[in-house]
Amino acid sequence: MSGICGIFYTDGKSVPQEILDEIMTTLSHRGVDGSGVWREGTVGLGHQMLHTTPESLHETLPFKDSSANLVITADARIDNRNELFEALGIPYADRVGMPDSTLILKAYEKWGEDCPKHLLGDFAFAIWDGRKQQLFCARDHMGFKALYYHHSHRFFVFASEIKGILAVPDVPRQLNEIAVADFLVCNQHDLEITFYEEIVRLPPAHILMLRSERIKTKRYWTPELSEELRLPSNGEYAEALRELMFQAVHCRMRSNFPVGVMLSGGLDSSSVACIAARRLREEGKRLIAVSSALPENYSGIEKDEREFVEEVRSRENNIDVEYVLAEGVTPFDDLEGLFQRIDQPSMNVFYYMFDALYRTSRKHGVRMLLSGFGGDMAASFSGKGYMAQLASIGHWLELAHMVQKRATVEGLSRWALLKSEVLSVLAPSLIRRFYHLIRRRPSNTDWISRSAIHPSFAQHIDIKNRSRMNGHSLVAYTLPDTRVMLCNAVSPTNLTSSIEDMANSHAIFGQEQLHPLLDRRIVEFCLAVPPEQFMQNGWRRSLIRHAMEGILPPKVQWRSSKHPFTPDYHSRMLTVRSEVLQFLSEKYDEDQLLPYVDRTKIERQLNRVQPVKGWNDWEIDSQIIVGLGVMVLRFEHWFHQRTE
């Protein structure tokens with residue numbers, strides 16, 4: 001993953017070379033294949049290069065088009081190149097080898113600020129328009145590429161990572177207490193703020209224009225419900241999705257380097273792996289797959305996915321699988337190193353396993369690592385809310401049929417399904433709160449009650465009201481509606497923080513992670529699909545199951561449940577619980593952290609955690625630990641590192 005940066009002195013000062021050099025040095029880990037800077041008067045742009053696509057091998061950035069007086073720096077992969085070639089009238093002789101950044105620059109020349117609307121792919125870029133004396137920045141639809149910035153009355157500075165902005169001496173480092181509160185209660189819905197008061201993110205699907213001291217941001221795309229798509233048969237919906245999935249995977253395999261995949265054995269990653277393997281087999285190449293696993297002699301309750309991964313490997317004869325155990329590490333290892341990498345606290349508790357997977361795939365020369373991330377929010381949407389929707393519109397016979405079918409498929413009681421899928425959804429919020437109160441247990445979604453945020457700090461920030469405001473649905477609804485739930489699920493507010501964390505980790509390993517199932521074409525198609533396509537004959541995620549007929553091994557295609565991605569997380573936590581408690585009692589800095597976290601609550605909850613007896617216990621206890629132990633300890637390390 002390449003890195004970009006730039007600075008624009010709006011007060012008329014010339015860019016000091018040493019400032020631009022310092023930013024570039026801070027981002028040097030992204031420049032595996034070289035770096036470049038352009039500086040002219042009040043503006044300077046920088047680029048750290050990671051070669052991924054064939055066209056990038058001959059790309060030099062920043063690039064200046066002298067005839068148009070435009071300069072671009074970009075971290076981008078454009079997937080609709082042929083479509084753009086035609087729309088822009090680019091001669092055939094100029095198309096081969098044209099870098100994606102040049103294509104973006106030509107799109108800007110033609111469409112101006114509307115150019116991102118015409119682009120498919122993952123991108124963050126900045127263009128200095130010398131004629132307008134304007135800086136134009138844009139970020140892709142789902143936020144796969146990050147762009148942070150600081151704006152004062154004197155200058156504007158941007159970079160792919162926060163640490164690049166902090167390299168500028170005049171940028172304030174004031175802690176943003178609102179971001180701290182959001183972090184402690186798992187509220188990830190604010191797409192602009194960071195842990196620094198005066199450093200913000202450009203949200204996904206946004207553009208930014210800066211001229212003199214005037215700054216303007218604007219959204220150019222939103223996932224929205226279009227007119228419902230009606231096709232003649234179920235098979236045609238499946239065929240349409242299959243075609244889009246093949247396109248989404250294939251366009252992300254433009255690489256002169258080995259292609260890899262994170263293979264968990266589930267529907268999403270297995271679909272991506274099978275599609276990619278078939279394409280590579282046509283080219284006489286092999287697919288590198290990495291999969292998290294447990295030791296073969298493991299005796300705990302957790303299970304891994306080897307049997308399903310092996311089904312995929314057996315289906316395709318050109319997949320090389322390496323199982324990764326990440327032995328000897330825990331969720332608390334090397335937290336200082338983690339925050340040096342990702343700039344601010346992360347909610348990703350599985351980073352230790354992800355790091356091991358990235359490191360293993362990079363050992364095989366992989367620079368582009370495919371994943372099935374986000375598939376369950378679009379292509380393999382479960383049909384959440386469909387049963388409640390049937391009840392709300394009075395389709396009782398269809399509901400009864402679905403309950404019976406699902407009970408058979410999933411081995412559950414009909415009452416349990418009705419309670420979890422219908423009654424809990426339709427019951428007014430007051431009834432739900434009373435139910436959890438009499439059970440003396442907060443709901444799984446009530447992170448404020450479960451979290452370690454100090455009560456006085458929560459009241460000071462008014463975190464309950466903030467969580468309600470920031471957690472609002474993208475599309476409002478009063479009755480259950482599956483399409484609306486899907487639309488809210490694919491909103492960048494639910495994905496961006498996770499994507500940014502993964503991207504920063506990949507950058508350290510000289511890699512780029514690709515998420516084809518969140519391709520804009522797939523998202524828009526699924527938003528138009530009738531809700532019954534996602535749940536048929538008692539099977540959730542029906543659409544992708546039928547789309548992958550003949551592609552996936554049947555054992556994977558029709559599996560009804562899936563184990564956690566990192567199956568031994570709970571066991572690893574239990575091995576270090578005593579150390580965590582000791583840390584809290586002996587090394588906890590009351591003076592610095594007392595305003596933010598409640599130590600006694602952390603200790604009380606961690607003491608409750610016992611070895612699990614079943615998967616429901618695993619899920620409950622793990623979420624408690626995520627909300628309390630890991631997150632707070634990570635925040636503590638980051639807090640002290642920041643103040644040193």
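The second largest cavity of this predicted model holds about 170 Å³ of space. A cavity is a set of points on a 1 Å grid over the protein atoms alone where a 1.4 Å probe fits but cannot get out; a pocket is an open set with protein on both sides within 12 Å along at least five of seven lines; lining residues have an atom within 4 Å of a point. Grid points are joined across faces, edges and corners, and a volume is the space filled by probe spheres set on the points.

Residues are numbered from 1 along each chain as its sequence is written, and side-chain values use heavy atoms, with hydrogens and water left out. Because the model is predicted, local features need pLDDT of at least 70 and side-chain atom pairs count only at pLDDT 80 or more, while totals for chains, interfaces and linings use all residues.

**Cavities and a pocket**

β5 gives the most, with four residues. Helices (H or I, at least four residues) and strands (E, at least two) are DSSP runs, numbered from the N terminus.

The whole structure has seven cavities of 30 Å³ or more. In the largest cavity, Phe195, Arg201, Gln344, Pro345 and Ser497 lie nearest the centre. Elements giving two or more residues to its lining are α6 (177-184) and α20 (496-508). α20 supplies the largest share, four residues.

The second largest pocket has His250, Cys251, Met253, Arg254 and Arg279 nearest its centre. Here α2 (81-88) and α8 give two or more residues to the lining. The most come from α2, with three residues.

The table sets out volumes and linings. Ala, Val, Leu, Ile, Met, Phe, Trp, Tyr, Cys and Pro count as nonpolar, Asp, Glu, Lys and Arg as charged, and the others, Gly among them, as polar.

| Space | Volume | Lining | Classes |
|---|---|---|---|
| Largest cavity | about 320 Å³ | 21 residues | eight nonpolar, eight polar, five charged |
| Second largest pocket | about 430 Å³ | 25 residues | 10 nonpolar, six polar, nine charged |

**Strand β14**

Six of the six residues in β14 (residues 287-292) are buried. Buried means under 20% relative accessible area, exposed over 50%, partly exposed in between (1.4 Å probe, protein chains only). In a regular strand the side chains alternate between the two faces of the sheet. Leu287, Ala289 and Ser291 are buried on one side of β14, and Ile288, Val290 and Ser292 on the other.

β14 pairs in the parallel sense with β13 (residues 259-262) over three bridges. Two strands pair if DSSP finds at least two bridges between them. Val261 stands opposite Ala289. The chain runs from β13 through helix α8 (residues 267-282) to β14 in a right-handed β-α-β crossover. Right-handed means that, with the strands pointing away from the viewer, the path from the first strand over the helix to the second runs clockwise. β14 also pairs with β15 (residues 319-324), in the parallel sense over six bridges. There, Ser292 stands opposite Val324.

**His47**

His47 sits in strand β3 (residues 43-48). His47 is buried, with a relative accessible area of 2%. Beyond neighbours within four places in sequence, its contacts (heavy atoms within 4.5 Å) include Ser2, Met24, Gly34, Leu61 and Thr73. Gly34 is 13 residues from His47 in sequence and 8.5 Å away in space, C-alpha to C-alpha.
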